[in-house]
Structures are given as C-alpha cells and as structure tokens.
Amino acid sequence: MIAYIINGKSFGNCVDYVTRRTLEEKLSAEAAQKQRADEKKYESNNGEGIVYHLSKDWELIGASSDIRLYEGRKAIADDIARPTRTRKPIKDPVGHISLDFHPKDAPKMTNERMADIACDYMKRMGLDNTPYIIVRHFDKAHPHCHLVFSRVDYDGKILTQTTNFKKNERVCKALNLKHRLMQGRSKLDTDVSKLRGKEKVRYKLTHDLARLFVSPDVKDWNSFLIVLLRNGITTKEKVGKSGRTNLYYCVGKQSFWSMKLDPFLTRENLERVFRERIERRLKESESVIKRAERHAVEEPKLEKKATSQPRVSAQSQSPIQSHKPIVIPPLPFEFLWDVPKSDEAAYRRGETVYTFARKPTDRYKAHYWIWYDFKTGKPQCSFDPPKSRDIPPAFLQQVVSSGKTVSTQSESSDFRMSHVSLSNAPNDAVCIAHGEPVSGDFKQFLENHPDMDFYDAKRKFKEEQKAKQKSRQGTKLSPS
C-alpha cells in the first residue's frame, strides 16, 4: 500500500470528483429515457443520489457520523467543510489522500477491510478528529480508495500531518506489516498521472532519469550530463553541513536532492557504474584483439600446410604489429583561444568539455562545447553538445593504461563537473531554455515577454542587442 497526499482548495469539486458526478449525470440522463423503476429513486433526489447511485466504478464505503449521506453531494461537501468556518481561512483546506494497494492484494481487499485500513491510516496519521468520507474506485487495475476530509479539525486546529511525508511513509510501512500487504519498492512503479504539484514533478523526474540513464548515448558522467541538458534537466552540487558534496537535479525552478529521488542516482553510484561500463567495454575490445591475433597466428600455419610453400621469414610471419599511440593534438590558436589549461588537458584526454572561452573573432567570452572528432581528426566547437561520439577502444585502453579516465574529474583537484560547467567558468549558473543554454540577459527578456514564442523572443532579443550595440558605437563616434 502507498498513500498519495494531494490536498486541495474546493470541497465541492473534490466530492464531485471522488463520487463521479459527471458520469452519474450522464447515466441519469440515459436512465431517464428508459423510464425504469430504479431511475425514479435517483431522480427523486434531483440527480444528487449518493448511496443509491447508478455508476458501478465507485462506492462509498465509510464516513464520519456527522455526514448527511442521503442528502446529496452538496450536503456532504458542506458537512466536511464545517470546521473550516470556525477560524481564519487557510490555503488548502481540503484534505485528499489516495490509498493505493498492490494488484496482488486485490483478491483479499473487500470493502470492509479497505475501510478498516483507511480508518487505521487516518488514526495513525492523527486525522481522526475531523469529518471525512471514504470512497472506493474500481476504474483501475489495482484497488484504491480516496479519503476526503477537512484539514481543520473539530477544535479549529490545522492538521499539518498532510505535509509530513516522512510520517506518511512510516505509517504505510507499519500498515503493510500489520495487514500483510505488498510494499511498493520503487518509484518507477508509481502512476505519475495521479499525482499533482511538486510530487508529480519529483516522480516524473525519477522516471526520466531512469529512462535517460539507459540511453545509448550515455557512456560516462559527461555524456550523462549532456543527455540531461537536452531533456531540460540540469544538475548542481552543494556542500552540506557535514562537509559532503550533495548532488541536486533541477527541473525549472525546482531542485531535488538525489538521495530523496533514489539513492542510486547519487554521483558516486553513477560514476561507479560508468567505470564498470568502461572496464567491460575494454575487456570486450581486448577479447576481440586477442581473437584477431590468434587468427593472424593460425592463418599462416594453415596456409603453409595447405600449400606447402617455402618457409617465409620470421619478420613477415609476425602477426602482432605495434600500434601507434593515438595522440590528440593541442587546440590550434586560430581554432579556439583563451581556453583554460585544465579544460584543454581534459580535451586532450578525449573528454567533451563545456568551457568559458573566447574565439579570436569574438568580442566577449561565451560558453562553448569542444571535443575531438576521431573520425575527421579535427577539433570541434559548438554552442550545442554533440549528439553522440565514437571513441576508439584502443584510445580508451590507452587512457586507462596511463592511469586516467575519460569521464571523471581532471587532474586539477578543484575541477568538478557541476551543472555541466568548469571551475574556471563564472559563478552564474547557465540558464537552460528549450534544452539549450542561454544568457542571463536573455532569461530576463523571456520573463518580461511570457506570451512570446521562444524562437521569436530569441530573434527579437538579438535585434535589440544589435540596436544597442549600434547606438553605443554611434555615441563613441559622435563628437563631444
């Protein structure tokens, strides 16, 4: 069992949702045309029947004693909201929690048992001193019910337990042990469509990270950050009170600690997996080289036996050729200028580097992606990260044998790939919009023009920048 805390603002809308008001009205209209006996019982209450409803995908299985169940949805919503009128209004007065059970628990999940578990949950959470209803839904493959209650109890006290997610997790685990229910073990099994607000973003982010982690383009920590950037996800690192560096994943203005999402998503665990991947690829490439060497050794022997030709020299029989080391040359002066030494060292190790530099043709510094293209043998520079890279296994083996790694930190102790930026980059975080980095001025321009399309805003911003630059040049040239 897992409990999803939702909360809300309107008691009427929440009661209409859990009692399927729209579906009930549709079925009522159909029943009115057939003129059957059970329709009269429903129509006698002006379409507000709760206990004797026509729909079969929900059922009222529990409620507090002060709820008027037989007087319609409006009366139920009014009774639940009654305690909120005894004090100053609060932001989210509606308590709404969904209790979801595992499909394997469906055979033993009767209405009576589900209602008992729901009441036990409310008691353990401290929500038993408030009016409530319990509605079971049958529209999903897994059993689940909805609790609707007032976040202000009978004494006028605000029930803050609905924001205590740690307590919610402990209560769910205790109830699973008590009633012998299945315990969800992964956020990947969660139906994200049922969540709202920050919880929905948090679970969706976990799903996206798991999906992107197994992407073919992800081969190391650097490429993982590049794939995240393309999907609108950034990272940042903060030093906690204990002195440990914590990794945060950011979507929009919201950031989530990696340990809260999933312990596997910490930087230490991911880099360990990436190292294992590189070692596994190296072993596979070594096995291929050994098979080729054995084939090269055995082939001359077979040819000698088959053709009985005269013996060739030992020099021509040697199957193992000495491979020349692959050396990435330094960046030429005319290609990219003013690159930090630590970044150029990482570039010469075969890494894709995101650095703050200036070309000879540029007036100001900017952020560039630079990498070495092994196919063309030339360096590449772009505002966008590379879609994919093919690094020769021989170069990987050469880097590992030299005691370095392609995807980890550089030789500088203060070098950390945080937010896909380098230690020599400015302190301002790179803004991301539509999967690409933008300047702080352009971010402010987007905020000032919320109704403008991204690419129209980009074109308009460039035109304004050119106009400002021309005006500044005109001011300098004008006589004093």
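The structure is a predicted model, in which local features need pLDDT of at least 70, side-chain atom pairs count only at pLDDT 80 or more, and totals for chains, interfaces and linings use all residues. Residues are numbered from 1 along each chain as its sequence is written, and side-chain values use heavy atoms, with hydrogens and water left out.

**The protein overall**

- The protein has 15 helices and 13 strands, where helices (H or I, at least four residues) and strands (E, at least two) are DSSP runs numbered from the N terminus.
- Of its 480 residues, 41% count as buried; buried means under 20% relative accessible area, exposed over 50%, and partly exposed in between, with a 1.4 Å probe and protein chains only.
- Take the contacts between residues at least 6 apart in sequence: 59% of them join residues at least 24 apart.

**Nonpolar cores**

- A nonpolar core is a set of buried Ala, Val, Leu, Ile, Met, Phe, Trp, Tyr and Cys residues joined through side-chain atoms within 4.5 Å.
- The largest such core holds 26 residues, and I97, L99, F101, Y121 and L147 touch the most other members.
- Two or more residues of this core come from each of β1 (2-5), β3 (94-100), α5 (111-125), β4 (132-137), β5 (144-150) and α6 (165-179).
- The top contributor is α5, with seven residues.
- Beyond its neighbours within four places in sequence, Y121 is in contact with A3, I5, I97, L99, L147, N168, V171, C172 and L175.
- A second, separate core has 19 residues, L212, W221, L247 and F274 among them.

- Two packed helices are described by the angle between their axes and the distance between the axes.
- Axes are lines fitted to C-alpha atoms, for helices over the stretch in contact, and angles run from 0 to 180 degrees between N-to-C directions.
- Helix α1 (residues 11-18) packs with α4 at an angle of about 130°, and their axes are 9 Å apart.
- The two helices are therefore oblique to each other; angles under 35 degrees count as roughly parallel, over 145 as roughly antiparallel, 65 to 115 as roughly perpendicular and the rest as oblique.
- Their crossing is right-handed, a term used if the near helix is turned clockwise from the far one by less than a right angle, with anticlockwise giving left-handed.
- On the α1 side, F11, G12, V15 and D16 meet R73, I76, A77, I80 and A81 of α4.
- This contact divides into six nonpolar, one polar and two charged residues, with Ala, Val, Leu, Ile, Met, Phe, Trp, Tyr, Cys and Pro counted as nonpolar, Asp, Glu, Lys and Arg as charged, and the others, Gly among them, as polar.
- Helix α4 (residues 73-81) is itself mostly covered, since seven of its nine residues are buried: R73, A75, I76, A77, D79, I80 and A81.

**Helix pair α5 and α6**

- An angle of about 140° and an axis distance of 10 Å describe the packing of α5 and α6.
- That angle makes α5 oblique to α6, and the crossing is right-handed.
- From α5, R113, I117, D120, Y121, R124 and M125 meet K167, N168, V171, C172, A174, L175, K178 and H179 in α6.
- By class, the residues here are seven nonpolar, two polar and five charged.

**Helix pair α7 and α8**

- Helix α7 (residues 197-213) and helix α8 (residues 221-230) pack at about 130°, with axes 10 Å apart.
- This places α7 oblique to α8, in a right-handed crossing.
- L209, L212 and F213 in α7 meet F224, V227 and L228 in α8, a contact of six nonpolar, no polar and no charged residues.

**Two buried residues**

- A346 lies in helix α12 (residues 341-348) and is buried, with a relative accessible area of 1%.
- Not counting residues up to four places away in sequence, A346 touches E351 and V353.
- The C-alpha atoms of A346 and W371 are separated by 9.5 Å, although the two are 25 residues apart along the chain.
- H367 sits in strand β10 (residues 366-373) and is buried at 18% relative accessible area.
- Ten residues away in sequence from H367 is A357, and the pair is 6.4 Å apart, C-alpha to C-alpha.

Definitions and conventions
Contact = heavy atoms within 4.5 Å.
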